[in-house]
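Please look over the sequence and the structure shown below before reading on.

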Amino acid sequence: MYRTANIQDASKLDKLLTKLIDDERQYDPSVEHINVRDFYINYIEDDTKYIYLYEEDNNIVGYIYLIKDDDHIKIDALYVEELYRNKKVATTLLNEAIDYAKVNNIKYITVNVLENNIKAKSLYNKYFKLNKKEGIKEELILYI
């Protein structure tokens, strides 16, 4: 099941963001471990932010965090718990972001991905094209 995040989800989202950051360390050793606290509570009710969750058995197992700027959306985070990977959770969340963009007259979506993160690139390359590359990061773009 998928749904929009609410204020009660903030601490769980912070834990998932901590896991996302730790995941990125395998692709970029310069990423430092951070124990995230009180991050998402500030953004859940912000009109320029959109957080969509995927739940199994009342547990949040994945989420996508979008930042809206006029006619553009940036995917700032997309994370799925390890046990739920390769089960279309990320695809479902990404499709929700694309649907949100279409309904809200967004012209394009961008996402940054580390070049060595082959699994993430495999998902994004189904929708996005390379826009620019800076060091080990690639910015991908999808025109709506």
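## The largest pocket

Helices and strands are taken here as DSSP runs, numbered from the N terminus, and the model to which these names are applied is a predicted one. Among these elements, β4 gives the most to the lining of the largest pocket, namely seven residues. At least two lining residues each also come from α1 (10–24), α2 (89–103), β5 (108–114) and α3 (118–124), as they do from β4 (72–80).

The volume of this largest pocket is about 1200 Å³, and 40 residues line it, with L20, L78, N117, A120 and Y124 lying nearest its centre. When the lining of the largest pocket is divided by residue type, 23 residues are nonpolar, six are polar and 11 are charged. As a general point, rolling a probe the size of a water molecule over the atoms shows where empty space is left.

## The helix α2

With its 15 residues, α2 reaches 21 Å from its first C-alpha to its last, which is close to the 21 Å expected at 1.5 Å a residue. Several residues of α2 are buried, including V89, A90, L93, L94, A97, I98 and A101.

Which residues touch the most other members of the largest nonpolar core? In this core of 28 residues, they are I64, I75, Y124 and F128. The elements that each supply at least two residues of this core are β2 (49–56), β3 (59–69), β4, α2, β5, α3 and β7 (137–143), and the largest share, eight residues, comes from α2.

If neighbours within four places in sequence are left aside, Y124 is in contact with I75, L78, L94, V111, V113 and L140. There is also a second, separate core of 17 residues, and L13, L16, L17 and A77 are included in it.

Is D38 buried or exposed? Because exposed means over 50% relative accessible area, D38 counts as exposed at 55% relative accessibility.

N105, placed in the loop between α2 and β5, likewise has a positive phi near 55° without being a glycine. The relative accessible area of N105 is 63%, and therefore N105 is exposed.

Notes: Residues numbered from 1 in each chain as written. Predicted model: local features only at pLDDT ≥ 70, side-chain atom pairs only at ≥ 80, totals over all residues. Heavy atoms only, no water. 1 Å grid on protein atoms, 1.4 Å probe; cavity = no way out; pocket = protein on both sides within 12 Å on 5 of 7 lines; lining within 4 Å. Points joined across faces, edges and corners; volume = space filled by probe spheres on them. Helix = DSSP H or I, 4+ residues; strand = E, 2+ residues; numbered from the N terminus. Nonpolar A, V, L, I, M, F, W, Y, C, P; charged D, E, K, R; others polar. Expected span 1.5 Å × (residues − 1). Buried < 20%, exposed > 50% of the residue type's maximum accessible area, 1.4 Å probe, protein only. Core = buried A, V, L, I, M, F, W, Y, C linked by side-chain atoms within 4.5 Å. Contact = heavy atoms within 4.5 Å.
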